[in-house]
Amino acid sequence: MKRQMHLNLFIHSRGHHEASWRHPAASSLALSDVRYYQALAQRAEAGLFDAIFLADQLALGDDVAHGPRTALEPLTLLAALAVSTSRIGLIATASTTYTEPFNLARQFASLDHISRGRIGWNIVTSWLASAARNYGGVSQVSHAERYARAEEFMTVVKGLWDSWAADAELDDRVAGRYADPSRIRPLNHEGAHYRVAGPLNLPRCPQGRPVLVQAGSSDTGRDFAARHAEAMFTAHLEKETAQAFYADLKKRVADAARDPEQALVLPGLSPLIASSAAEGTGRRSDVDVFDASYLHLFVWDGRANAIAGAYRLGLVDEILARHGPRGLYTHSLFDYGTGLLEALEPGHRARPLVPCAPSISAASPRSCCSGAGSAASSSARRATRSCSAPSASAAATRGPRGG
Ligand SMILES: Cc1cc2nc3c(=O)[nH]c(=O)nc-3n(C[C@H](O)[C@H](O)[C@H](O)COP(=O)(O)O)c2cc1C
């Protein structure tokens, strides 16, 4: 049987590269302007992409001074994109840690109705400590606790989406019967984290429930994905680790008594697209110039120091071996690098590695980097690649139903 490649556009800021928002050819629209997202979604739809994807964090990044860390709230934005497009799948991120299952089940069911069956949910448990502080907590909920909640959350939302049979809504104006209560059942869920009576106050949505997407990377996260996800995001740097990840996930899906063909892996790519090799080379030099500004961005929030430190200490391979090159959102390299430097070099955070702020039109961006900066340069380039969570994900999968 022929396999089909499916494409999913990961809309992230004005591009995935740390400095792409500054590129002269970048959109002039603000990141809070819905037309920016509408134009991208419409172009992706015209280009026959299966879906677009919106990531989400629940706190403002601490490097907003130099990087666009703002975005419209994804579920709100998805409603706008649903009425600006007609065929493409629409996937948004929402957290099981910082929302209530009834709210989220209702919002996704509404979006599925609004889009006529094109919605997907990227299920995250949210790893930012700063997010916890926005929701009444002081520190991050532990990884194990987040996934325990997520598991119960899934039981509740699936129960709510199933609380209306497809034929429960009658809308029989002659007989005066709007719905058949025998086809609507309460949930009466009482668990360790949630008590939800149900049913949902909305008829069953076109897909029955959103397409479930996940990006677990730890053992717990992969098992969670294997139980629930129909598509799995991942961002590997090396073919071997990507293949190992793929094989491992498929095995876990089979172990969870699901058909591995129904749980598809969406590897991330950050392509440089050009119409000729010469143009591609030109774009490549643009990216090289960006490397310099990327460095500048990271110098002041300490992460370049952290990564450079991990390189200096020769620990990068160990970090990657332990955690795998999992991309921006796993932040293991950042965390490990930061932790190591905090332990080994107290006060490293404020020390700039690159003493100047190269502009993106600088002819030779690296010429302004000091010796320490060039260590950071290779680190940051590597980080740039590892940070390249997919702008376009290609995989043998289908988009959200109906998409
Ligand atoms: C492509 C991709 C997109 C992701 N998007 C988000 C996101 O928008 N919000 C978020 O909190 N986490 C996001 N994550 C992080 C994952 O949900 C997950 O927490 C991470 O991969 C670590 O795995 P673990 O949860 O098993 O430890 C993303 C990960 C990947 C690979």
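Biologist: How do you know what helix 3 should span?

Modeller: The expected span is 1.5 Å times one less than the number of residues. For the 15 residues of helix 3 this gives 21 Å, and the end C-alpha atoms are 21 Å apart, so the two agree.

Biologist: Which residues of helix 3 are called buried, and what makes a residue buried?

Modeller: A residue is buried if 20 or more other C-beta atoms lie within 10 Å of its own, exposed if 12 or fewer, and partly exposed in between, with C-beta atoms placed from the backbone. In helix 3, Pro101, Leu104, Ala105, Gln107, Phe108, Ala109, Leu111, Asp112 and Ser115 are buried. Their cover includes helix 2, strand 3, strand 4, helix 5 and strand 8 (195–196).

Biologist: Why is Arg133 called partly exposed?

Modeller: Arg133 has 14 C-beta neighbours inside 10 Å, so Arg133 counts as partly exposed. Arg133 belongs to helix 4 (residues 129–133). Its C-alpha atom is 8.6 Å from that of Ala59, 74 residues apart along the chain.

Biologist: How do you know that the buried residues of helix 2 are on the same side?

Modeller: Those residues are Pro74, Leu75, Leu77, Leu78, Leu81 and Ala82. They cover an arc of only 155° around the axis, so they are on the same side of helix 2. The arc is that of the directions from the helix axis to the C-beta atoms. Helix 1 (34–46) and strand 2 (51–54) are among the elements that cover them.

Biologist: What makes a set of residues a nonpolar core, and how many residues has the largest one?

Modeller: A nonpolar core is a set of buried Ala, Val, Leu, Ile, Met, Phe, Trp, Tyr and Cys residues joined through C-beta atoms within 7 Å. The largest has 62 residues, and those with the most contacts inside it include Ile52, Leu78 and Leu90. Helix 5 (residues 143–161) gives the most to this core, with seven residues.

Biologist: What does Leu90 touch?

Modeller: Two residues are in contact if their C-beta atoms, placed from the backbone, lie within 7 Å. Not counting residues up to four places away in sequence, Leu90 touches Ala51, Ile52, Leu78, Leu81, Ala82, Ser115, Arg118, Ile119 and Gly120.

Biologist: What makes strand 5 and strand 6 a pair?

Modeller: Strands pair if DSSP finds at least two bridges between them. Strand 5 (residues 169–172) and strand 6 (residues 177–179) run antiparallel and are joined by two bridges. Asp172 stands opposite Arg177. In this hairpin, with four residues between the strands, Gly176 takes a positive phi near 70°.

Biologist: Where does pLDDT stay under 50?

Modeller: pLDDT is the predictor's confidence in each residue, from 0 to 100. The value stays under 50 over residues 291–304. Residues 323–403 are also below 50, although this stretch has 200 contacts in the model beyond near neighbours in sequence. Where pLDDT is low, the predicted coordinates should not be read in detail. The protein averages 77, and 69% of the residues score at least 70.

Terms used
Residues numbered from 1 in each chain as written. Predicted model: local features only at pLDDT ≥ 70, side-chain atom pairs only at ≥ 80, totals over all residues.
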